Amino acid sequence: MQNMTISEKTALLQKTLDDNKAEDIKVYDLVGKSSITDAVVIATATSTPHLRALSVAAERAMAEQAGEYCRVSGDPETAWMVLDYFDIMVHLFLADARAYYDIEETWQKAPAPAKPE
């Protein structure tokens, strides 16, 4: 386990979500732009069980590879889960909830970091 940068942690989360078939993954770099977090990751699940699986996969990857644990808000039945790592917030949605809440509007002007190779 290593001390990972924000960029490395967001890349890990992005890869984990992608590997687990999350859709429309977005990463917003908020360093110096937000007082509540340094990055936001947003992704869509295709079903309630998929939403739960994405949450578990992200939590496991961050615990095993970054040594970080989160507070979880919401549950798959609400169609929106938030994994709060303090410096990174991960929002996992079902498609209808993501469209309804449109939280990307809040972060759309923030630059997205480069995609991992």
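Which residues are linked in a network of salt bridges? Asp24, Lys26, Arg98 and Glu104 are. The model is predicted.

## Overall count

Seven salt bridges turn up in a search of the whole structure. Side chains of opposite charge can pair when their charged atoms come close. The pairs below are among those found.

Arginine 98 pairs with aspartate 24, with 3.4 Å between the closest N and O atoms.

Arginine 98 has a relative accessible area of 6%, so it is buried. Glutamate 104 is buried too, at 13% relative accessibility. Aspartate 24 has a relative accessible area of 46% and is therefore partly exposed.

## The lysine 9 pair

Lysine 9 forms a salt bridge with glutamate 68. The closest N and O atoms are 2.6 Å apart.

Lysine 9 belongs to helix H1 (residues 6-19). Glutamate 68 lies in the loop between helix H2 (48-66) and strand E3 (71-73). The pair therefore ties together parts that are 59 residues apart in sequence.

Is lysine 9 buried or exposed? Its relative accessibility is 4%, so lysine 9 counts as buried.

Notes:
Residues numbered from 1 in each chain as written. Predicted model: local features only at pLDDT ≥ 70, side-chain atom pairs only at ≥ 80, totals over all residues. Heavy atoms only, no water. Salt bridge = Lys/Arg side-chain N within 4 Å of Asp/Glu carboxyl O. Helix = DSSP H or I, 4+ residues; strand = E, 2+ residues; numbered from the N terminus. Buried < 20%, exposed > 50% of the residue type's maximum accessible area, 1.4 Å probe, protein only.
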